[in-house]
Amino acid sequence: MTVLELSRWQFGITTVYHFIFVPLTIGLSILVACMQTAWLRKKDPVYLRMTKFFGTLFLINFAVGVVTGIVEEFQFGMNWSAYSAFVGNVFGAPLAMEALLAFFLESTFIGLWIFGWNKLPPRLHLATIWVAAIATNLSAFFILAANSWMQHPVGYRVDPGTHRVVLTSIVALLTNSTLLAAWPHVIFASFVIAGMVVIAASAWHLARNSQVDVFRRAMRIGLAVTLAAGIATAVTGDIQARLMDSQQPMKMAAAEALYNTSDSASFSLFTVGSLNGGQELWSVRVPYLLSLIATLNPHGTVQGINNVERAYDKKYGPGSYKPVIPVTYWSFRLMIGFGSLAALLAFVGLWLTRRRRIPRARWFYRAAIWGVALPYLATTMGWIFTEMGRQPWTVFGLMTTAQSVSPGVTVSSVIISMTVFTLLYGGLAAIAWWLIVRHVKAGAPVEAADPDGAQPRPVLSY
Amino acid sequence: MNLATFWFILVAILFTGYFVLEGFDFGVGILLSLLGRDETDRRVMINTIGPVWDGNEVWLITAGGAMFAAFPLWYASLFSGFYLPLLIILVALIIRGVCFEFRGKVDSVRWRANWDRAMFAGSALPALLWGVAFANIVRGVPMNAAHVYTGNLLTLLNWYGLLGGLVTLSLFMLHGAIFLSLRTTGELRARARRAALRIAVAAVPLAAAFLLATQVSHGRPVTDVTAALAAVALLGAVAAVFGGREGWAFAGTALTVALAVATLFGDLWPNVLPSSTSAAFSLTVTNASSAHYTLVVMSWVAVIFTPLVLAYQGWTYWVFRQRLTSSDILAARPLAPIQEAPAPPPATELNTVDHGGV
């Protein structure tokens, strides 16, 4: 293995892992803020129990998201120093803004929320979770601004003296069409995850007929959020597909393993056989769907991999500009498939729980509990698709992944770091999972009345 | 002053903020098992930094981001060159970070003891290694014409680097002990003060030797002044501990850390990463910086938002300014339904020592 291959694996492992925790933080922070708002408005203790139950779950998850995030920032310099030097002028700006505008707010106000329960007036305390939640969503905007620039570079020029990119418009960078589609897509997908987590935790209790007062209401919230966010994720994803078709035609072609430019292109739900452009053994196809996705016209033209390759050979010089086709092909449909199943489950659940009903069917609870894996698999597939589909580029059209790697870092160093991260992250995942399951099973305790009334009691503390 | 120098100062300020703030929470983490005799003590100690440690750590993330945006070549060469030390720091920060959240979630002596060990290692390693890293940045590292680091891990473990590491380690422990004496009461407060004096016995000569060595090799008149002031502030802090003036003592160590960082950055300028291979290969404020437009944009962002950050972080410290007592901890119910088994409180200790403090 070379430093390049190892560094790619390490970046992939650490980033996919980081994004297991991030979306729940994004979605659940807002949901917990809503629950606490409901409590303050309606003075119904059920909402307080809900806030604290999901608040604790949120914090266990948040801790892992925070600590694995530092690795992300450091890795650009550690493993991709050639990339960092080349793009720092442009790419560093949204990263620094993310820290200064979002991370400071998020971390400070989470601290105020955890420890402020009895120190701050109720409304001010409520404001702290809202500030933290909004800051979290803002941080997604800045990091996606950085990523969108890699997919579709705007607002820059290449300096002829230094051969590095130079920022020419921060406005262009922050209003990149790719970003404006990707941000809501990621946010909505995060709400699907948060919704499914709420559903799964609630299902565990409802199946056992325990704490029904809290978890029936939580179940309805989770179901509604999941279905609404699922539909919104599909709509924004659809917008992204057309941007991708015009900005990264190779990625669109690779999503379908479409080798030759076609009109009225069909979309295969799955394919048996190789995806190398040869004869496939068997596939299930929806006619016109690919053309419709890519161009909004059932007879529209979708460029094929071979055609784009020939055009890129001319434009960027001879080479291979194909991503790994089986990866892009499968990750694209698995993303859609897993996401759709989550939305479907929410739809069924909303029907089963209509008019204050509590479903009896055990299969529903089993599906609702294990279904929590679906949106996680979907977002993981989504990121694998969008990042692997950009290959061989790190910055589309400007710099390849092979050119990006740190020149001075040795194979042994990266083997050490990758091993350490993999083991550490594996251990952390096991502990976090165990703590979360334990917490869910313990349920939302009934708030005991304060014995002496006046004594400040920091309910949340370490 | 040109924009690149302005950003050099800003990066220095961000690292100063990081070391002054995370410095004391590293110190508390190191001292957790050494000063915390029982579970109540330890929970008091952790809760003194509980609301703020995460915000403190963001100073590092912001410093890294600012370096990336304003000095891409510095960021690239430094982070790839210091690969293994940064790996250790990252691992330590990860373990330490989850420790805050996970430690109290399970009511088991073994579980907590393991996390206490994690807290010690996770705090001590970065406290040591940041000193090693910054001493080596000032000293210069082997770097070729392409600004690629050509040394290895052992290159950084030279006597000056190790001395720098011992200085940050002992200084942060002192800073943390004084912070604890400022934020706790009773026996724990007295113990923290005694610990501060014992740590000072090592910290003062180490810091003096390091500052002297730094100024002899890399000094300039301005930084001779900051180095001397750092030494004065440190001695003042120790004197204040003696006099039971914990607030002044904390201000003293905070100032010592800030002035020491100012001295190092002052000695570094106009380089950002000197090459010990050849001065011609050094990265400087000029050749490592971003283009003008990026610096202008980021300057506006920094000028508008840094004061805001300082305001709300300052407010957080104000909200949580009260000393923590063991009764706070015993009254607290963790959100996890598993309850702490509270040790019987030695009631006589509470609030009996309450003099001094600013």
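How many helices and strands are there in chain B? There are 13 helices and two strands. The notes below concern a predicted model.

1. Overall form of chain B. The chain has 358 residues, for which a compact globule would have a radius of gyration near 21 Å; the value for chain B is 21 Å, so the two agree. Along the principal axes, the C-alpha atoms of chain B fill a box of roughly 65 × 40 × 40 Å.

2. Burial and contact order in chain B. Of the 358 residues, 59% count as buried. Taking the contacts of chain B between residues at least 6 apart in sequence, 78% join residues that are at least 24 apart.

3. The interface between the chains. Contact between the two chains involves 68 residues of chain B and 68 residues of chain A. On the chain B side, at least two residues each are supplied by helix 2 (39–49), helix 3 (53–70), helix 4 (72–81), helix 5 (83–102), helix 12 (292–319) and helix 13 (326–331). Helix 5 of chain B gives the largest share of this side, with 13 residues. Sorted by class, the side of chain B that touches chain A holds 45 nonpolar, 16 polar and seven charged residues.

4. A helix pair in chain A. Helix 4 (residues 122–151) and helix 6 (residues 177–207) of chain A pack with their axes 9 Å apart, at an angle of about 135°. Angles over 145 degrees would count as roughly antiparallel and 65 to 115 as roughly perpendicular; helix 4 and helix 6 of chain A are therefore oblique to each other. The crossing of helix 4 of chain A past helix 6 of chain A is right-handed.

5. Residues at that crossing. From helix 4 of chain A come A:N137, A:A140, A:F141, A:L144, A:A145, A:S148 and A:Q151. They meet A:T178, A:L179, A:A182, A:W183, A:V186 and A:I187 of helix 6 of chain A. By class, this contact has nine nonpolar and four polar residues, and no charged ones.

6. Cis peptide bonds. In chain A, the bond from A:Q391 to A:P392 is cis, with omega near 10°. A:P392 sits in the loop between helix 13 (373–388) and strand 7 (393–395) of chain A. In chain B, B:W269 and B:P270 are joined by a cis peptide bond with omega of about 5°. The place of B:P270 is the loop between helix 11 (246–268) and strand 1 (271–273) of chain B.

7. Positive phi at A:Y288. This residue is not a glycine, yet its phi is positive, near 65°. A:Y288 belongs to the loop between strand 5 (282–286) and helix 9 (289–295) of chain A. Is A:Y288 buried, partly exposed or exposed? A residue needs 20 or more other C-beta atoms within 10 Å to be buried, and 12 or fewer make it exposed; A:Y288 has 17 and so is partly exposed.

8. Positive phi at A:L296. Here too a residue other than glycine has a positive phi, near 70°. A:L296 lies in the loop between helix 9 and strand 6 (301–302) of chain A. Because A:L296 has 12 C-beta neighbours inside 10 Å, this leucine counts as exposed.

Methods
Residues numbered from 1 in each chain as written. Chains lettered and ligands numbered in written order. Predicted model: local features only at pLDDT ≥ 70, side-chain atom pairs only at ≥ 80, totals over all residues. Contact = placed C-beta atoms within 7 Å. Helix = DSSP H or I, 4+ residues; strand = E, 2+ residues; numbered from the N terminus. Nonpolar A, V, L, I, M, F, W, Y, C, P; charged D, E, K, R; others polar. Axes fitted to C-alpha atoms, helices over the stretch in contact; angles between N-to-C directions. Parallel < 35°, antiparallel > 145°, perpendicular 65-115°, else oblique. Left-handed = near helix turned anticlockwise from the far one by under 90°. Rg over C-alpha atoms; globule rule 2.2 N^0.38 Å.
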